[in-house]
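Reader: I am new to this structure and would like a close look at a single part of it. Please take me through that part step by step.

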Amino acid sequence: MNTPPPPSTTTAHTSPNTAAPAPDSRNSRNYRSAINYSRTTATATRVLRQLAHDPRTIALLLLIPCVMLFLLRYVFDGSPRTFNSIGASLLGIFPLITMFLVTSIATLRERTSGTLERLLTMPLGKADLIAGYALAFGTLAIIQSALATGLAVWFLDLDVTGSPWLLLVVAVLDALLGTALGLFVSAFAASEFQAVQFMPAVIFPQLLLCGLFTPRPDMHPVLEVISNALPMSYAVDGMNEVLKHTDMTSTFIRDVLIVAGCALLVLGLGAATLRRRTT
């Protein structure tokens, strides 16, 4: 006698081959795109901890701008007026260059070693990574700019008409701009040597056209137009405003806002280059 099949139950058994429902990708994207304070500070702490074990990098960041200003002061020992005319400009240029070099190389190491690849598989958004790197290197930029500004104003007798604190503001923004540029160009380099090769392409044209060697209105009209589109030009203009005026001028505020805006724009472009290369 054949036994009838058992009655069907209301509980459905999932087949092993049945895929689990996919998470809500929209919520996942929103979670990863929002900046989270704890994730950002954790990233910044990790970067600072790694840099603390690299004394040569710390020396490059903190001491080289001071050494260069010290040498520059005594190169023009017989002409203090020359040092006063270009010292403030270089006070903003040196931090930008050193932060660009260190940030591009440090970020490239994390790209090539797979660290960024592993981090992007975690619930850590691109904004968290970029903000964390900017916070870490920005902390070093503040220390670097404070040391260089203090050395130039109080020990090397840089004659500044305005407040030295305004010099510090511009120097910090220049260093943050260098950090942003370094984060951005690291996406296009395959080795540390290539990262350094970007310096002639990104930094040198700005250095030549920023007005350090000759006033920008005296340049060829085409070069003047190009100079007006480069952020280092406004960094030098901002330093010169502090050098010549006792109070904040509208030109100074414009220059500071342009440098800050360029830094934020380049940071956004840097975030766009952070993507997983494997699936």
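Reader: Is Cys 66 buried or exposed, and what is its relative accessible area?

Author: The model is a predicted one. In it, Cys 66 has a relative accessible area of 15%, and because buried means under 20%, Cys 66 counts as buried. Cys 66 is one of the buried residues of helix H4, along with Pro 65, Leu 69, Leu 72 and Arg 73. These residues cover an arc of only 125° around the axis, so they sit on the same side of H4. In general, an α-helix has 3.6 residues a turn, so residues three or four places apart point the same way.

Helix H4 itself runs over residues 64-75, twelve residues in total. From its first C-alpha to its last it reaches 16 Å, close to the 16 Å expected at 1.5 Å a residue. The cover over the buried residues of H4 includes helix H3 (55-62), H5 and helix H7 (126-155).

Of these, H5 spans residues 80-112, and Asn 84 lies in it. Asn 84 is buried too, with a relative accessible area of 17%. Its side chain reaches the backbone nitrogen of Asp 159 at 3.0 Å. Beyond its neighbours within four places in sequence, Asn 84 is in contact with Asp 157, Leu 158, Asp 159 and Leu 243.

Back to cysteines: Cys 262 has a relative accessibility of 22% and is therefore partly exposed. A disulfide is a covalent bond between the sulfur atoms of two cysteines. With sulfur atoms required to be within 2.5 Å, the count of disulfides in the model is zero.

Conventions. Residues are numbered from 1 along each chain as its sequence is written. This is a predicted model: local features need pLDDT of at least 70, side-chain atom pairs count only at pLDDT 80 or more; totals for chains, interfaces and linings use all residues. Side-chain values use heavy atoms; hydrogens and water are left out. Helices (H or I, at least four residues) and strands (E, at least two) are DSSP runs, numbered from the N terminus. Buried means under 20% relative accessible area, exposed over 50%, partly exposed in between (1.4 Å probe, protein chains only). A polar contact is a pair of N or O atoms within 3.5 Å; within protein, one must be able to donate a hydrogen and the other to accept it, and residues adjacent in sequence count only if both atoms are side-chain atoms. Contact means heavy atoms within 4.5 Å. The expected span of a helix is 1.5 Å times one less than its number of residues. The arc is that of the directions from the helix axis to the C-beta atoms.
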